Each structure stands twice: as structure tokens, then as C-alpha cells.
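User: Please take a close look at the ligand site and describe its surroundings in detail.

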Amino acid sequence: MSGILTGADAHPADYPTVQAVEFMGRYLSEKTAGRLGIKVFAGGQLGSETDTLEITSFGGIDFNRVNFAPLNSIEPMTLPFSLPFIFDSVAHMRRVVDSEVGDEVLAALDRHGLIGLCIYDSGARNFYNTRRSIYTPADMVGLKLRVPASDLYVAMVNALGANAVPIPFGEVYQSLAQGVIDGAENNWPSFVSARHYEVANYLSVTEHLLTPEALVMSKASWEKLSGDDRELVREAAKQSVPEMRKLWDARVAEAKQTIAQSKVQVNQLDKEPFAALMRPVWDQFITTPEQKSVVERTLAMKEG
Ligand code: BDP
């Protein structure tokens, strides 16, 4: 197989995930004297993550960089990494995804027509809204909060007393601006690059999720590659992870700086009451021995 492979990403062209896949494209191009390359369609041009995942599994898109959230309804083994407060730091998350646990979770996507290539950072997610600062779960009662298309997210946000509304990422800015929703939750870079901070002026540091991102390839496209090219794609993905992390760390710092200079009010809070209310989703969504093993081994990799 030769030519330019396609990639999808919900984020703008300068976002670290897009940059990482473009890095892969350059790597492939260099190693094959231009025979292989990747063109990333950024900014959600190809559709929502749920839609592009379906297209990818049928071979209509070659690479897709998505969050774990939209994979939750496809493969239950992706649920452990989406549990609230399962990771206690970025270092912990990286340790887990770099271990055989990360490989196992990626491999589980195989039965859905997707080849899991690597896992990227997504930082910690915080709640933000257009109404008020959140200090305790009581402050969330009645707020309409956007979540990604994942039943786990819906359950988690409803457990706090808010009303979860699943909406594609690309529609969140408009929904906030029009008052269709009161808020959402996301990491610092998305809060800034998707311009949510321009309309949601209260950000409360809950850091409830450190759910990472996944880079998948269509199994249909994968099967068209020679054995050597498959190895090359795996190698390119592996090389892109440290590259992405460098870009990511810089991007988080830059986004926090942007917020510090904006009119957004940022507040810290006691995370315990939030964690306690969200805890039941663990038992609700983690039911199989395979999932439980991922959870146990993930927790065992916490510091100290
Ligand atoms: C961002 C992820 C992106 C998701 C988005 C969301 O990078 O893949 O689309 O969150 O909340 O952090 O849907």
C-alpha cells in the first residue's frame, strides 16, 4: 500500500494530538522515501468522534485520535481509564498507559475493527460553567452540564446532582453561548482552544478525570499494509508519544496562563465529597473480571 493516509481529530491543527499524528506522518514519510504519509483532518471536519469512529471501523478513515470517552460504549475495557479519580496524577496515568495494562486495553479494540496504536495525554478535567463557582456538590444541583457521549460520564455527572447532557464536542461552544447548557467539563487546553472560557467564566478545579486519549487505526486499512509497514506504523506511534507529552506539558502551562489573564474565576475545592458521590459508578460500570483486573493493576501503580 502507498499514499497519503487520512486522520481525524476534533481539535484544531496546532493542538498537541494533531501535531503528534503529523509527527507520525513525517516519520512514515522519511522512512519510506515518501511512499507513506498522513493527512490529518483537524477541527472535527470529518464529524463527531462517535461518527468518525464508526467510519474508521469500516475503513473510511485510516487514523483517528479520540478520547477514551467515545470508546466506552464500543469496548468495556476502555471504561477503567474513564473512572473518576482512578489516576492520582499525570505521572500515575503515564505509568499505567506505558505498562502492559495500556497495551491490553488497546488490544481489546481489535474486535471492533480498530487497531489501538498508542495512548496520549489529556491532562485533568475540571468543571466550568456560566453561572457560579462550584465549591461543594450542592453547588452543582440543577446545572445542565455537557458530557461526551459516554453513559459513564452521564452517570457520574448525574450522581453529583447536575443534569448531564451528551453533546458532541464541536457543539459545546455554541450550546454554552446560547444557554442551552450551563457548563461542561474538560482539560485546560480544550477549555481554551475550543473557546469555552470566553463564555463559561467559572472554573472549579475538581480534576475528577485524567482519562487519556487513544490513537486508533482502521483495521481495514491496517490489513492492507505489509508486515514491514505495520511495524513502521507501530514504531511511528511509539515515537510520537514522548513528542506529544512534550507538546502537551507546554500546552497545559500556556492554557493556564491564558486563563490567569482572562476574566475566568478559578477556584480550588475539597475533592473528597465529589469523589464520594461519584464512587458508585465504579461498581456500576466495572463488572467483568478483565475490567476488574485493569482497575486493580492501575491502582497498584499509584505512588507510595
Ligand atoms: C477533549 C478530548 C477530545 C474530546 C473532548 C470532549 O481531547 O478528544 O472530544 O475532550 O470532551 O479533552 O468531547
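Analyst: An oxygen atom of the ligand lies 3.3 Å from a side-chain N or O atom of Ser 190, a polar contact being a pair of N or O atoms within 3.5 Å. The model is predicted: local features need pLDDT of at least 70, side-chain atom pairs count only at pLDDT 80 or more, and totals for chains, interfaces and linings use all residues. Residues are numbered from 1 along each chain as its sequence is written, and side-chain values use heavy atoms, with hydrogens and water left out.

The ligand is surrounded by 13 residues, each with a heavy atom within 4 Å of it. The closest are His 11, Glu 49, Arg 146, Asn 186 and Glu 213. By class, this shell has two nonpolar, six polar and five charged residues; Asp, Glu, Lys and Arg count as charged, Ala, Val, Leu, Ile, Met, Phe, Trp, Tyr, Cys and Pro as nonpolar, and the others, Gly among them, as polar. Domain 1 (3-122 + 211-258) and domain 2 (125-209 + 260-300) each contribute at least three residues to the shell, with bounds from an automatic or database domain assignment.

The space taken by the ligand is the largest pocket. On a 1 Å grid over the protein atoms alone, a pocket is an open set of points with protein on both sides within 12 Å along at least five of seven lines; a molecule sits in it if more than half of its atoms lie within 2 Å of its grid points.

How values were computed
A polar contact is a pair of N or O atoms within 3.5 Å; within protein, one must be able to donate a hydrogen and the other to accept it, and residues adjacent in sequence count only if both atoms are side-chain atoms. On a 1 Å grid over the protein atoms alone, a cavity is a set of points where a 1.4 Å probe fits but cannot get out, and a pocket is an open set with protein on both sides within 12 Å along at least five of seven lines; lining residues have an atom within 4 Å of a point.
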